[in-house]
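Thanks for coming. I will take one structure and go through some of its packing, element by element. Please have the viewer open.

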Amino acid sequence: MTFRFPNVYLAPELFLRMVLVLCFLSQSVLAKKEFSIEGSFESYCIECHGMKGKVKGEVNLISFTEGKDLKGDPELLQTIMEVIDFGEMPPEGNQPIDNTERKMIVAELKKLLAESVSGSEKDLVKAPIRRMTRFQYANAVKDLLELKVEVFPLPEKMMRDRSGYFKPASGKMPAKMMVSSRPLGKSGLIEPRMDGVAPFPQDLRAENGYDTQGDHLSLSPLLMEDFFRLSQSIVKSPSFNPKNVGVWTQYFEKSKRGINQMDELKSRLQHLLKRAFRAPVDDKTFSKYYSFAEQEMNKGMEMGDAMKDVFSAILASPRFLYLYDRGGEESRESESRQNLDLASRLSFFLWGSVPDDQLLDVAMEATLSQDEQLTKQVDRMLTDEKLKRFCDSFPTQWLQLDRIISAVPDEKKYRDFYYGPPLYRTTMDMMMEPLLLFETVLIEDRSVLELIDSNYTFRSARLSKWYGDAPNGKLGGPVTIRFTRQSVKDRRHGGLITNGAVMTMTSGPLETKPITRGAWVAGVIFNSPPPPPPAEVPPLPEEKEVDDSLTLRERFADHRERADCAGCHEKLDPLGFALENFDPVGRWREKYHNGREVDASGTLFRSHKFSNIIEFKDAILKEKNRFVRGLAGHLLAFGLGRELNPSDSLALDEIVESVEGENYSMKSLIHAVVKSKPFRGPSVKLALTIKSKF
Amino acid sequence: MKTMKNIGRRTFLRGLGTSALALPWMESLAVGSKNYKIPQRAAFYYVPIGVVRKTFFPGEGQSSVQRNFNNDNFDAESTRSNLGVGLHDLKLTPTMKPLDGLKDKVTLITGLDRTFQPGTDVHAQCASCFLSSASPFSLKHTPYPQARSLDHILADEIGKDTPFKTLEFSCNSHNDNKESIQFDNISWYGTEHVAPSMRDPLLAYRRLFKSDERSAYKNITDLVLDDARSLRKDLGYSDQQKFGEYFESIRTIEQQILRLDGMRNELSKVDLDIPMDGKMPRGEYIRLMGDLMVASLQSGLTNVATFMVGPERWDTPYLFESLFDKPKSHHMMSHNQGKFVEDLIKVDHFYMEQFAYLCEKMNRIEEANGKTLLDNILFTYGSGLGDGSTHQYSALPILIAGSGGGRFITGKHLNVSAKSGLVKKVNGTFKTPDGGEPLANLWLTQAKAMGLELDRFADSTGTISSLLV
């Protein structure tokens, strides 16, 4: 879990050093008469963290052994709990805390953390008000207009459905599908889209986070100009016509003669404003937009055209452009407003867009926040085809798949990686594989553990050939590719960690990068990204410069020997070297080119020994709750638009607990995330524990 | 002159820089009134990922980062220039060679330092906090010492009357979503409030010189502003603060429209073909964006501009057409100076050439006071790292072209540290060499010279008086 500490920024070097420095252990506290956190600190920690003025990693625990209340510092509590829980502390080379005691300490710290962050509800951190991302803007406009074309091209989407395979209502992924890739280096342009409408720039992903992160989404005059320009160009586009705009008759058609014009305008506007602003509008707001349209009509404009102008104003209005929770005093009182906030949060999470009528209706009745209705709505949303937006945004960002676009394996060494000028690479097939697996686990509501280890996968003919299987069918062109579902008998494959995409994007042009891979596993799979690397990472000598007889692991040895590197390497090395059998382009190898055997053995979290990739996957599955907790944290951060912090920690535990009994199914995980306290929002009254089954 | 119809857009932009073409109408465009006073102007040219010291800094020719470099196995002392503190004659090093023709109009300043605040990637603060007005460790709610950047603070004073208070340009043409905003921006309205940059030359050109599409949305601004006011009441306190950006943006645009309207007559005389397709070679791209910046400064569209030649870190390779036949990643090469030092020196030189091109362009534009645009501006070249290999935040490469209307000395080399050179890490942290001065001192000096009443800027300890005439 990545946490931002409001008050304590640990110097990364110092933080790492916490891992290294000897912490003297006199005797196990279990041997003493009574267990206490203070006692454990005294036994294991303060030698380095507080005694004799030593404050490794700027963490001083001595005051806590002298009666200071740990609960006053939830960030520190969280940090201590994690380093002990993940076995990072005390550092290797010291007498370890045995597992029983480790569990006791963690449980106790967890309890303290719970007490520390429970308390008033307003302490739950809210995401700041933020403008929509480009992806959300395009979806929202499309949904409001029921547009049959795209608003503008979105390279955010890595994979496009070319055969209509994405049918979440069916609960089944087909055995074959055609998908087209995001053309590398070009901005996707395959779908029909509105003429004369140009996008604003894509939003960048936060480090270890998502493009939905609120503190990254601010507005500037330059961008506001874009919004004005867009709002105009959309209604003025020749594509804005009855053929493309599904709601044409509802909003933009010429008004019929013989009806009360003003009544007609009123009813058109009321619905449009409600949808666009995700809430019924009060009279004051309504009359603003109404009089705007009225004035246009008084100037002789036809009603349909006046509605176009209003629509354009709506698209530039902050009530449309911004995502926010109502925070005024008045709204705390109103349950339906809290429900409406929840409806928006939900629809931007799963549909990347505005809520539909049904969602707004139940929110207005204030029943959405009730478990039964919430379950029902989420179930409905998970079978709607708009779920594709979730699949177009969350998994690519979670897996950091964008990195594959800039992966350039050496053209001489990996000649067959490239198959046509100028930008066609095997990459384009590779990036589909994990995405199709993710969609299958979601649509078929399978266990999220299949993302680690699955007995099926999706392959194109080129990808089959790449992995050394017999290609099934034509190799296919770069743009539209046929994928088929295949069973995986060899457990080296299956799951997404060992996918060619992941292996390639975490490698250099000539050799793998075990530390980059380790950092990827730590951040993506366990949601525990390493602190930023120290400033002066010595480069790994290029192959030509080093003793050619060494293995990669041997060449890294001096990193581990250096005090300021060893801390991180202890954590990342086992995760990265476990994948060494996969070469820089994701193909299996037993030996390095110098003939030396690949050694992929290691120990996960200092407790599960493994000697190869299959055992590594088994080790991860033994720690499945850590993976599920990590994934829950990713989903929550994506959905909330903010980084998580210690006060979310309990919610994550509860989410994991509730999906354990549901076979870790993907949908139960999403349900649990949505029902968690941070997602429901600070103001919705509900019991602290969420154990309801759905 | 009357009809420019058949002149290509690019020809026009090039032409803007030549006084012969520019003066007759561009000056009237800039002047606007009879009592025309030459405005104070400032521009910043940011180079990512540091430089190779031995070819950039005078007297450091011996310093080099060894093969298999790691940051505690070299003798930092031996890399020092041992140049005395004070003013020296400016000697152009190999990297500075492109400035040959302008030697008496630039000043090199060595020994300026920043402080990296641990807690983020080391590159993440290079650009994002380069012009920041926040001292390191002063902000509690963010790991970045990042607050309103110098360009906006200057513009609050010297950009009051121009259509655009500031303009931000960037030559980042990457299209993979690989890095966060902190790596990609030097200009910030405030903490976490980025001032995004223009990076598409055609869109920038339209925005700056073709104002006709603006009138179309004039009629809806009142409506949405009114609505925004009532929405604000419904927000919590901190959201209300952040939501201020919406009002600020619209207010800014309205002012832009008003002022551009005033200039429209002049701007409308510019009738151009706008051919624009295909991917431009990197040098041409940088120069074209630079042309737009110079034209904006010249014409009075703005008095303050920032120009980022590329983002920090972002590993995706670029094709530097004139240098290499294959795309190269500046960042990746910087991590292995031992192997790539010759290529890195070429990149440094390439970015300096573009800087020199812009300086020369400004120097050809005569202004009403008989001096050139370059004389009348402070155009600062700088990078957030003192060396791309050590990642040191100290002993930064900083150059100023122009004298800010005669306020700054030129043609000199000011060294403010007796120990400017490569920096070694000691006990896990970079030791700032003794005797240097904070970069913020330069920013404070510039701000005060432009008439701002400031006592401090970020972690400044004073002004650098020897830079002033």
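Helices here are DSSP runs of H or I with at least four residues, strands are runs of E with at least two, and both are numbered from the N terminus. A residue is called buried if 20 or more other C-beta atoms lie within 10 Å of its own, exposed if 12 or fewer do, and partly exposed in between, with C-beta atoms placed from the backbone. Packing and contact refer to residue pairs whose C-beta atoms, again placed from the backbone, lie within 7 Å.

Before going on, the provenance. This is a predicted model, in which local features need pLDDT of at least 70 and side-chain atom pairs count only at pLDDT 80 or more, while totals for chains, interfaces and linings use all residues. Residues are numbered from 1 along each chain as its sequence is written, and chains are lettered from A and ligands numbered from 1 in the order in which they are written.

Back to α29(A). The helix covers residues 666-675 and is mostly covered, with ten of its ten residues buried.

Now the chain totals. Chain A has 30 helices and ten strands, and 52% of its 694 residues are buried. Chain B has twelve helices and 14 strands, with 56% of its 469 residues buried. For chain A, take the contacts between residues at least 6 apart in sequence: 73% of them join residues at least 24 apart. In chain B, for contacts between residues at least 6 apart, the share joining residues at least 24 apart is 73%.

Next, a helix pair in chain A. At what angle do α10 and α11 pack? Helix α10 (residues 283-298) and helix α11 (residues 303-316) of chain A pack at about 140°, and their axes are 9 Å apart. Axes are lines fitted to C-alpha atoms, for helices over the stretch in contact, and angles run from 0 to 180 degrees between N-to-C directions. The angle makes α10(A) oblique to α11(A); under 35 degrees counts as roughly parallel, over 145 as roughly antiparallel, 65 to 115 as roughly perpendicular, and the rest as oblique. From the α10(A) side, A:Tyr289, A:Phe292, A:Ala293, A:Glu296 and A:Met297 take part, and they meet residues of α11(A) including A:Met303, A:Met307, A:Asp309 and A:Val310. The residues of this contact divide into nine nonpolar, no polar and two charged. Nonpolar means Ala, Val, Leu, Ile, Met, Phe, Trp, Tyr, Cys and Pro, charged means Asp, Glu, Lys and Arg, and the others, Gly among them, are polar.

On to the sheet in chain A. Four strands form an open antiparallel sheet in the order β2-β3-β8-β7. Its edge strands are β2 (159-161) and β7 (456-459), each pairing on one side only; strands pair if DSSP finds at least two bridges between them. Neighbouring strands are turned by 35° against each other on average, direction ignored. α19(A) packs on this sheet, touching β2, β3 (176-181), β7 and β8 of chain A, and its direction makes about 135° with that of β7(A). The antiparallel pairing of β7(A) with β8(A) (residues 480-487) runs over four bridges, and A:Tyr456 has A:Ser487 as its bridge partner.

In chain B, look at strand β1 (residues 41-47), where seven of seven residues are buried. B:Arg41, B:Ala43, B:Tyr45 and B:Val47 point one way, and B:Ala42, B:Phe44 and B:Tyr46 the other. Seven bridges join β1(B) to β9(B) (residues 377-383) in parallel, one partner pair being B:Arg41 and B:Ile377. With β8(B) (residues 304-308), β1(B) pairs in the parallel sense over five bridges; there B:Phe44 is partnered by B:Thr306.

Last, two backbone points. A:Ala366, not a glycine, has a positive phi of about 65°, and sits in the loop between α15 (357-364) and α16 of chain A. A:Asn527 also is not a glycine and has a positive phi of about 55°. Buried or exposed? A:Asn527 is buried, with 22 other C-beta atoms within 10 Å, whereas A:Ala366 counts as partly exposed, with 16 C-beta neighbours inside 10 Å.

Note on methods: Contact = placed C-beta atoms within 7 Å.
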